[in-house]
Amino acid sequence: MHVRQYRVALLSACLPIAVAISSCSQPPASQTETPAPAAAPAAAPAQDPVERGRVLVTVGGCHDCHTPKKVGPGGPEPDMSRALSGHPEDTKITEGFPQPKGSPYTIHTIDHLTAWSGAWGVSFAANLTPDPDTGMGMPERMFLSAMKSGAHLGTSRPILPPMPWQMYAQLSEDDLKAIYAYLKSIPPIKNQVPNPIPPPAAK
């Protein structure tokens, strides 16, 4: 009888200890719960094509040749009142710079950087503004073709130096479309750019 009572008392004393040990060995509740999936990051808003085109035109150096220059505090600078209007029609050029035989100086330009003379003759920076009579009136498909093929208006004579169409041909179609959209958004400027002058041998 005493032995049985002893065993019951011993079990009663050990049960709370076993429960306590079991509780300590369990991981915290927070470690057993499956964490909620992280929210997907919000997609960046798509850049407006016109703004994208403005950036590409600016960093691509289009103003270097297609915008006439004026003298500012630091010397010649783009005249943004005539931005991208091309070679000024009131600056008359009738012939190319003579090509001295044996001279390394065979390419020349004027102060506006809008007319260039070389072995190809004389090329004039085009009016890229959306003026309906003197500016860039070509549809988008023609503009894309010109930039990809190096053909004036996409189908005719080669685009002449120094226009770096080969560089622009590497852009994606979306980037070229953005450039076109920006050029169509700027103020139109009426300015009739002359046709290229062929080299003397080709006259």
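Predicted model: local features only at pLDDT ≥ 70, side-chain atom pairs only at ≥ 80, totals over all residues.
In strand S5, Phe 124 is the bridge partner of Ala 115.

In total, four bridges hold S4 and S5 together, and the two strands run antiparallel. If you trace the chain from S4 into S5, you pass through a hairpin of two residues.

Now look to the other neighbour of S4. Strand S3 is joined to S4 (residues 115-118) by two bridges, again with antiparallel strands. Here Thr 109 stands opposite Trp 116 of S4. The hairpin of S3 and S4 has five residues between the strands, and Leu 113 in this hairpin takes a positive phi near 60 degrees.

Put together, the strands form an open sheet in the order S3-S4-S5, with antiparallel pairing. Strands S3 (108-109) and S5 (121-124) are the edges, each pairing on one side only.

The two pairings are set out here:

| Strand pair | Bridges | Residues between the strands |
|---|---|---|
| S3 and S4 | two bridges | five residues |
| S4 and S5 | four bridges | two residues |

Finally, which way do the residues of S4 point? Ala 115 and Ser 117 point one way, while Trp 116 and Gly 118 point the other way.

Terms used
Residues numbered from 1 in each chain as written. Heavy atoms only, no water. Pairing = 2+ DSSP bridges. Buried < 20%, exposed > 50% of the residue type's maximum accessible area, 1.4 Å probe, protein only.
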